[in-house]
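Please walk through this fold with the model open. We start at a strand pair, then turn to a salt bridge and the nonpolar core.

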Amino acid sequence: MIEYEHATPPSSALSETIESIEQVMKNGEHAFIGYIDEQPVAMVRFTLSAQRIYFFRLSVIPEKQGRGLAKALIEELEQFACTKGK
């Protein structure tokens, strides 16, 4: 996340806490997490509306970037959207 520390506008992801993420998840936000060797290495968060899925916070840890993990998460999200009629 260091690469976004001085972004314009600054990323609000840097101010999130475990507690704030737990709260939004309790209020209807969802996430898919990608694992390699039982270690979380990628994530996308999303919400569902009547017509669509809105995704955000797509991230892959720097050491694992360039391996198609973000693409795999988005493909999984697309399949999930189809099963929900979105």
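**From hairpin to core**

Strand β1 (residues 30-36) pairs with β2 in the antiparallel sense, over 7 bridges. Strands count as paired if DSSP finds at least two bridges between them. Helices (H or I, at least four residues) and strands (E, at least two) are DSSP runs, numbered from the N terminus. This is a predicted model: local features need pLDDT of at least 70, side-chain atom pairs count only at pLDDT 80 or more, and totals for chains, interfaces and linings use all residues. Residues are numbered from 1 along each chain as its sequence is written, and side-chain values use heavy atoms, with hydrogens and water left out.

Look at the turn. Ile36 stands opposite Gln39 in β2. The hairpin of β1 and β2 has 2 residues between the strands. Asp37 takes a positive phi near 50° there.

Now the charges. The count comes to 1 salt bridge (a side-chain nitrogen of Lys or Arg within 4 Å of a carboxyl oxygen of Asp or Glu). Arg45 pairs with Glu29, with the closest N and O atoms 2.5 Å apart. The pair links distant parts of the chain, 16 residues apart: Arg45 lies in strand β2, Glu29 in the loop between α1 (18-26) and β1. Both Arg45 and Glu29 are buried (under 20% relative accessible area, 1.4 Å probe, protein chains only).

Next, the core. The largest nonpolar core has 11 residues, including Phe32, Val41, Phe46 and Leu73. Such a core is a set of buried Ala, Val, Leu, Ile, Met, Phe, Trp, Tyr and Cys residues joined through side-chain atoms within 4.5 Å. β2 (39-48), β3 (53-60) and α2 (69-83) each give two or more residues to this core.

Note on methods: Buried means under 20% relative accessible area, exposed over 50%, partly exposed in between (1.4 Å probe, protein chains only).
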